[in-house]
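Take a look at the model shown here. The paragraphs below walk through its chains one at a time.

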Amino acid sequence: MEELIQELKEGIIEVLNLDGVTPEDIDADAPLFGGDLGLDSIDALELIVLMDKKYGIKLKDPSEGKKVFLSVATMAKFVSENRTK
Amino acid sequence: MIEPIYITGAGVVSAIGVGKEQTLSALNAGTTGIGTMAYLDSCHRDIPVGEVKLSNDEMVQMLGVDNDPLFTRTALLGRLALREALDQAGLTRDMLADVHLVSSTTVGGMDRREQNHAQEKTCDRLHAVMGTHSCGNSTQMIAAQFGQFASLSTVSTACSSATNAVITGANMLRCGLADIVVVGGSESLSKFHLNGFNALMILDRQQCRPFDRDRAGLNLGEGAAYLVLETARSVKARGVTPLCRLAGYGNACDAFHQTASSPDGEGAYRAMSEALEMAGMKPADIDYINAHGTGTPNNDLSESQAIKRLFGPEIPPVSSTKSFTGHTTSASGTIEAVFCLLALEHHFLPVNLNWQNAMEEGIVPVAEPRQAELRNILSNAFGFGGNDSSMIFTIDHA
Amino acid sequence: MSQPKIYIQAAEQVSIQQPLSQQWMSEPILTDQLLATATVPNYRDFIDPREARRMGGLIKRALVTTLKVLRDTGVEHPDAFITGTSIGSLDYTERFLDALDESEEALSPTYFMQSPHNTVGSALAIHTRSHGYNTTYSHGACSFDWAVMDAWIQMQLGKIRTALVGGYEEMTQDYFELLQKTGYVGQPGMAPCAEMSMSMMLNTQCSDNCLCQLAGVAMGNLAYRERMRQQLAQMLNAAHLTAADVSAVMTGKNGNPDNDACYDGIVDDLLPGVPLLRYKHLFGENYTASAMGVYAAAHCLAQGMVPDCLQEQPRLFKPCAILLVNQMDQQEYSLMLLTKI
């Protein structure tokens with residue numbers, strides 16, 4: 001799980017183009033949205049694309065994403081349970 | 001005293017018909033034009049769209065012109081609508097030296113570029129011209145059939161483009177730069193923006209349901225519409241009968257987010273207020289609001305808030321005719337303006353199809369067709385980036 | 001009704017010259033590249049990287065020139081943001097197209113949401129929280145000129161007093177190659193095809209720092225040459241000037257023979273024999289290049305000199321009025337008259 005969390009953090013930084021942010025800056029249990037990172041609805045959509053491309057998980061709508069993207073930890077749990085690649 | 005601006009011609013093409021006559025009968029019968037994709041080449045067959053029920057070849061035939069490989073669907077749709085508007089206003093080729101055209105589009109020739117994009121590296125000159133077709137070229141291509149206009153211009157503010165073209169044209173008249181300006185917009189469906197809206201996850205897999213509790217996004221549509229705007233002096237000199245008057249308009253920026261509207265609908269509120277102020281009207285003077293009403297959870301809530309802020313408890317009848325046509329994006333402003341003109345002339349309230357349940361804190365739209373004497377109509381068009389605009393059409397009863 | 005005077009209060013550029021600077025007047029950078037990229041300033045001096053994370057180059061360059069103009073003029077929220085861009089965020093548009101060629105699944109919304117042409121103008125409003133009038137013209141080589149026209153009209157009508165007017169364009173290798181095939185740019189001897197950002201503040205109030213006056217603007221169809229002559233006559237008349245007062249004409253000559261011959265024809269029609277200036281060899285060719293012409297002319301009038309690098313036949317003179325001529329596809333034109341204060 002630690003490995004997946006690290007991978008997710010790196011993926012998030014890359015797809016959201018979080019210039020100057022390192023994986024260590026992201027607390028796996030802290031809220032991804034509404035926190036220091038300043039992410040918005042478009043970032044959520046980019047994370048949905050990330051889930052699809054990298055892990056073969058299709059989320060049908062943004063409201064489904066809301067629960068998954070609470071924190072990096074919840075993302076990791078969801079990915080490990082649902083990934084198809 | 002603001003010099004009055006009249007509308008002396010109108011032309012429209014959308015999923016519910018070519019021309020005002022077909023459009024009127026579909027609006028009255030409550031027949032939607034949204035359905036299964038028949039002309040657009042996309043793998044997303046499950047997404048309903050409001051296509052104009054004509055192939056490009058059929059449009060070329062209707063226009064009576066020789067086919068040209070450079071023709072874009074946007075240009076063909078635009079020509080059909082522009083021809084009807086010019087005809088109604090009695091504007092012939094020899095008169096265009098004094099007629100300006102302000103058109104609008106965002107998609108422009110993207111329908112052609114996306115077909116060839118993969119081969120562009122090795123394409124010939126003709127396909128390079130196709131690939132670099134811009135919004136301005138789109139306007140030139142639409143105009144070319146009719147003659148030499150005094151000037152051409154192209155506005156591109158996404159889904160409020162056509163309304164902003166009206167505003168530019170009207171300001172040109174008021175400033176004394178012109179006596180007649182034809183304004184409007186044209187937009188064809190493209191794989192590009194269908195997929196873009198799909199990536200934004202705001203497309204409803206069913207028929208769109210503006211202002212409904214269970215609304216799940218918009219359906220994309222296509223079409224074109226043009227209005228002939230004319231000063232009082234020119235109307236008198238030419239002895240033409242105006243269809244109605246453009247009483248006011250407003251343009252404001254929500255300045256909130258590139259794709260989301262603000263929760264309180266600040267931009268929408270400002271655009272509508274400005275239009276009312278210019279028209280010298282109170283909210284109570286408005287008899288019907290043709291809403292932007294895309295059917296996305298965000299727009300319809302934000303627009304509801306803005307309408308409630310401005311109109312208070314006495315909200316006039318509201319409907320979104322995007323339930324007939326889908327969201328015709330850059331062309332929607334003037335397509336819906338033509339619907340408003342028809343409502344004024346034929347005394348009816350266009351119905352908001354597919355509405356069943358009231359949304360929390362939302363407005364309740366016109367769900368059943370109704371006859372109504374209308375004097376003043378407010379029409380909204382909001383675009384990405386918060387480019388929000390409104391206009392007011394008025395019938396001056398003698 | 002007395003017509004308000006309109007001033008260019010400030011104008012800033014990012015292009016192939018030194019960014020946010022008038023260094024080109026004394027040390028112009030000349031390139032023989034057919035496609036040249038812009039020299040960009042440090043974005044971090046203007047935009048929080050977090051806010052800029054989704055912005056393409058076009059929007060970042062537009063924000064920088066705009067924020068510099070807002071800072072220099074002290075106008076925090078102009079009454080209007082009016083933008084000219086013919087192709088908008090081309091880079092992101094093409095990235096979305098490239099992805100579409102692969103598959104219609106799992107596409108990035110960011111590349112799409114920046115593709116509408118109005119994303120630039122609205123980004124400026126969103127960043128500065130400006131709720132005023134906001135619109136975008138995408139009319140090929142006259143995109144910027146229509147933006148100026150709109151501001152002009154609304155100032156005449158008294159609807160606005162300040163307007164941030166800009167011309168913004170970017171270029172990609174792929175698009176350049178298409179343009180090369182069409183013959184528009186990219187042949188030896190032509191001005192480089194380049195990306196650029198130019199923002200200027202129009203203000204109906206004159207202040208000490210104003211660069212020059214925007215004495216007139218007109219648009220039209222080259223099929224109607226007589227009207228073009230009338231427009232110039234009216235413009236000069238309104239500014240209490242005669243044809244002899246026009247110090248120079250700034251054209252959009254770029255080394256493409258068809259393009260340049262069209263300008264020669266227009267100048268012969270309007271003001272034969274007047275000294276000619278050009279700017280595209282310095283700032284590059286692009287759809288909104290005419291914005292750089294206005295920028296260059298405004299700074300010449302402010303400094304009371306025209307650097308040799310702009311002149312077809314260099315000589316020393318103090319400009320009083322510069323007429324800018326721009327044409328599109330040899331079919332449409334714009335005229336703008338700038339005068340010294």
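Accessible areas here come from the Shrake-Rupley method with a 1.4 Å probe. On that basis, the accessible surface of chain A is about 4,600 Å². Carbon and sulfur atoms account for 51% of that surface. Keep in mind that this is a predicted model.

Stay with chain A for a moment. Its secondary structure consists of four helices and zero strands. Read from the N terminus, the order is α-α-α-α. The C-alpha trace spans about 30 × 25 × 20 Å along the principal axes of chain A. How does the radius of gyration of chain A fit a compact globule of 85 residues? Such a globule would have a radius near 12 Å, and chain A has 12 Å, so the two agree.

What share of the 85 residues of chain A counts as buried? The figure is 47%.

Now turn to chain B. Here the count is 13 helices and 15 strands. The globule rule gives 21 Å for 398 residues, and the radius of gyration of chain B is 20 Å, so chain B is as compact as a globular protein of that length. Its C-alpha atoms fill a box of roughly 60 × 50 × 40 Å along the principal axes.

Of the 398 residues in chain B, 68% are buried. Among its contacts with a separation of 6 or more, 78% involve residues 24 or more positions apart. The accessible surface of chain B comes to about 12,700 Å². Carbon and sulfur atoms supply 50% of it. Chain B has 28 positive and 42 negative charges, with mean positions 2 Å apart.

Start with S14(B), in strand β1, which covers residues 5–14. Is S14(B) buried or exposed? Its relative accessibility is 1%, so S14(B) counts as buried. Leaving aside residues up to four places away in sequence, S14(B) touches V52(B), E222(B), G223(B), T325(B), I335(B) and F339(B).

Next is V129(B), in helix α5, residues 125–131 of chain B. With a relative accessible area of 27%, V129(B) is partly exposed. V129(B) and L70(B) lie 59 residues apart in sequence, yet their C-alpha atoms are 8.1 Å apart in space. Beyond residues up to four places away in sequence, V129(B) touches L70(B) and T182(C).

Then move to the loop between β12 and β13 of chain B. Two residues there deserve a look. E368(B) lies in this loop, which runs between β12 (348–349) and β13 (370–371). At 56% relative accessibility, over the 50% cut-off, E368(B) counts as exposed. N354(B) has 32% relative accessibility, so it counts as partly exposed.

Look at helix α4 of chain C, residues 119–128. This helix is mostly covered, with nine of its ten residues buried. Among the buried ones are T119(C), V120(C), L124(C) and T128(C). Just after α4(C), R129(C) takes a positive phi of about 50°.

Finish at Q330(C), in the loop between β11 (321–328) and β12 (332–339) of chain C. Q330(C) is not a glycine, although its phi is positive, at about 55°. Its relative accessibility is 43%, so Q330(C) counts as partly exposed.

Methods. Residues numbered from 1 in each chain as written. Chains lettered and ligands numbered in written order. Predicted model: local features only at pLDDT ≥ 70, side-chain atom pairs only at ≥ 80, totals over all residues. Heavy atoms only, no water. Helix = DSSP H or I, 4+ residues; strand = E, 2+ residues; numbered from the N terminus. Rg over C-alpha atoms; globule rule 2.2 N^0.38 Å. Buried < 20%, exposed > 50% of the residue type's maximum accessible area, 1.4 Å probe, protein only. Contact = heavy atoms within 4.5 Å. Lys, Arg positive; Asp, Glu negative; His and termini not counted. Charge placed at Lys NZ, Arg CZ, Asp CG, Glu CD.
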